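Here is a short tour for someone opening this structure for the first time. Have the sequence and the 3D view side by side as you read.

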Amino acid sequence: MGLGKYSPPRPTATQVTSSPNPSSDTQTVTFTATVTVNGSPVTDGCVTFFRDLVNILAVNVPVDSNGKASFTTTTPFTAGNPFIIALYSGALNLVRSAGFMTQVVLHNQPPVAKCKNVTLPAGANCMANASIDNGSFDPEGGPVTLSQSPAGPYSKGTTAVTLTVRDSVGLTS
């Protein structure tokens, strides 16, 4: 009969972060749990992510060689401040641990398209380029992409042009 050396389970620490935070209610978010033991990365075990203590977001996400378990979700969050929990399941000689954070979720509003009528002198070949944008913007302050249809140049006379404004999460007006 041999005697073995007993090693008591070591405590772990779990921290959870997200990107981006804050996010909009239509945006893709990546959650990352970092698991350590005495400040060094844990490289074994899995993490389960929860929203508001009861809704499972991701199950058994493996911890990588840097002690990180990540997942990306396009699941829409309603505007507010959901509580996110990352629960590390433990491993041989490692104790379970949990990390907590609040994800700030803002309601994303569609961009605002502002148009103007334009009158221009015709250039060569009786054609002219013009922008009908009159200060379109994203209410959240993000970048917008403008497109006009038809794109131009425009011939002499009256041309009906439609302005489409798209924000960074794909909402249009």
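## Starting point: F31

Let's begin with a single residue and look at what surrounds it. Skipping neighbours within four places in sequence, F31 is in contact with T17, S18, F49, A69, S70, F71, T73, F77, I84, M101 and Q103. One thing to keep in mind from here on: this is a predicted model.

Is F31 buried or exposed? Its relative accessibility is 0%, so F31 counts as buried.

## The nonpolar core

F31 also turns up in the largest nonpolar core, where it is one of the residues with the most contacts, along with V47, F49 and Y88. That core has 21 residues. Which elements give two or more residues to it? They are β3 (29–37), β5 (46–51), β6 (55–62), β7 (68–73) and β8 (83–88). The largest share comes from β3, with five residues.

You'll find Y88 in strand β8, and with a relative accessible area of 0% it is buried. Follow the chain on to T102, 14 residues apart from Y88 in sequence, and the two C-alpha atoms are 18 Å apart in space.

## Aromatic rings

How many aromatic pairs does a search of the whole structure find? The count is three. One of them is F31 with F71, a stacked pair with 5.6 Å from centre to centre and 25° between the planes. F31 belongs to strand β3 and F71 to strand β7, so this pair ties together parts that are 40 residues apart in sequence. F71 is buried too, at a relative accessible area of 11%.

Now for another stacked pair: F83 and F100, at 5.7 Å centre to centre with 15° between the planes. Here the link runs between distant parts of the chain, from F83 in strand β8 to F100 in strand β9, 17 residues apart. F83 has 31% relative accessibility, so F83 counts as partly exposed. Back around F31, ring pairs also join F31, F49 and F71 into a cluster.

F100 sits in strand β9, which covers residues 97–102. Leaving out neighbours within four places in sequence, F100 is in contact with V16, F83, I84 and I85.

L53 has a couple of things going on. It lies in the loop between β5 and β6, and at 60% relative accessibility L53 counts as exposed.

## One salt bridge

How many salt bridges are there? The count comes to one. R51 and D52 form a salt bridge, and their closest N and O atoms are 4.0 Å apart. D52 has a relative accessibility of 36%, so D52 counts as partly exposed.

Most residues other than glycine have a negative phi, and most peptide bonds are trans.

With that in mind, back to L53: its phi is near 70°, a positive value in a residue other than glycine. N93 has a positive phi as well, of about 65°, although N93 is not a glycine. Where is N93 found? In the loop between β8 and β9. N93 is partly exposed, with a relative accessible area of 33%.

Then there are cis peptide bonds to spot. One joins N21 and P22, with omega at about 10°, and P22 is in the loop between β1 (13–19) and β2 (23–24). Another cis peptide bond joins S149 and P150, where omega is about -5°. P150 has its place in the loop between β12 (144–149) and β13 (154–155).

Note on methods: Residues numbered from 1 in each chain as written. Predicted model: local features only at pLDDT ≥ 70, side-chain atom pairs only at ≥ 80, totals over all residues. Heavy atoms only, no water. Core = buried A, V, L, I, M, F, W, Y, C linked by side-chain atoms within 4.5 Å. Buried < 20%, exposed > 50% of the residue type's maximum accessible area, 1.4 Å probe, protein only. Helix = DSSP H or I, 4+ residues; strand = E, 2+ residues; numbered from the N terminus. Contact = heavy atoms within 4.5 Å. Phe/Tyr/Trp six-rings, centres within 6.5 Å; stacked < 30°, edge-to-face > 60°. Salt bridge = Lys/Arg side-chain N within 4 Å of Asp/Glu carboxyl O.
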